Amino acid sequence: MNQLFRNCIKATVSACLFSTIPSCSETKKEEVVAVENATLTKQELSVLGAEDEFDLIGKQWMLITSGDTSKYNTMTASWGGFGHLWGKNVAFIFVRPERYTHEFIEANDRLTLSFFDEKYRQALQICGTKSGRDGDKVKEAGLTPIALESNTTTFDEARMVLDCRKLFKTEMTEAAFLDKEICKQNYRPEPGGGFHTIYVVEIENVYVK
């Protein structure tokens, strides 16, 4: 019964998210990203239909990256989601203002959401526990930054990358929580525990291996 419910939910989310884009069975247009020897190719957004929307961020994790390859920062995230909003295919992400990456997201119109195979779990842990303010965590993680056609940054090791444009942001507040226990469990007054900025971003391009 649980599996049946999960399959129904997955089908519903997929239909909602991808109702305005071509079927997966259609021929996909492939374009090499704007970096020499990169292994990522541009695909139709419909390739996301093969993903488990509930596990993609929460269990696999992702890197949120903003800035061009000359000046950028990245962070690991496991909160967020996908949907269809304002006639667009979107993702929504949560970034605390204390994070160094927040400065880059604020300063740029675009960002990337990058997903990796399980063998890069340690690299994601490094990017999630260390700050770019203190050193080159990307080098320590063994990742290779590359530029997409939109001049945003991702990593050649990624298996899938969403190239996104910011649409909307809002700041979370304690007063907005209807479930006060969630607020108490996830937010605290000391440094590093502040409320998130919520960004809604349009998924304009998808790149895969």
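A: Let us begin with a term: a residue is called buried under 20% relative accessible area, exposed over 50%, and partly exposed in between. Please keep in mind that this is a predicted model.

Q: How many salt bridges does the structure hold?

A: A salt bridge pairs a side-chain nitrogen of Lys or Arg with a carboxyl oxygen of Asp or Glu within 4 Å. The structure holds 13 of them, and one of these joins the side chains of glutamate 106 and lysine 169, with 2.7 Å from N to O. This pair links distant parts of the chain, since glutamate 106 belongs to helix H3 (residues 100–107) and lysine 169 to strand S9 (residues 160–171), 63 residues apart.

Q: Is glutamate 106 buried, exposed or partly exposed?

A: Glutamate 106 has a relative accessible area of 33%, so it is partly exposed, and lysine 169, at 40%, is partly exposed as well.

Q: What are the accessibilities of aspartate 55 and lysine 59?

A: Their side chains meet in a salt bridge at 3.9 Å, N to O. Aspartate 55 is buried at 18% relative accessible area, whereas lysine 59 counts as exposed at 56%.

Q: Which parts does the pair of arginine 110 and aspartate 163 tie together?

A: The side chains of arginine 110 and aspartate 163 meet in a salt bridge at 3.3 Å, N to O. Arginine 110 lies in strand S6 (residues 110–115) and aspartate 163 in strand S9, so the pair ties together parts 53 residues apart in sequence. Both residues, arginine 110 and aspartate 163, are buried, and salt bridges with shared partners join Lys88, Arg110, Asp163, Arg165, Glu202 and Glu204 into one network.

Definitions and conventions
Residues are numbered from 1 along each chain as its sequence is written. This is a predicted model: local features need pLDDT of at least 70, side-chain atom pairs count only at pLDDT 80 or more; totals for chains, interfaces and linings use all residues. Side-chain values use heavy atoms; hydrogens and water are left out. Buried means under 20% relative accessible area, exposed over 50%, partly exposed in between (1.4 Å probe, protein chains only). Helices (H or I, at least four residues) and strands (E, at least two) are DSSP runs, numbered from the N terminus.
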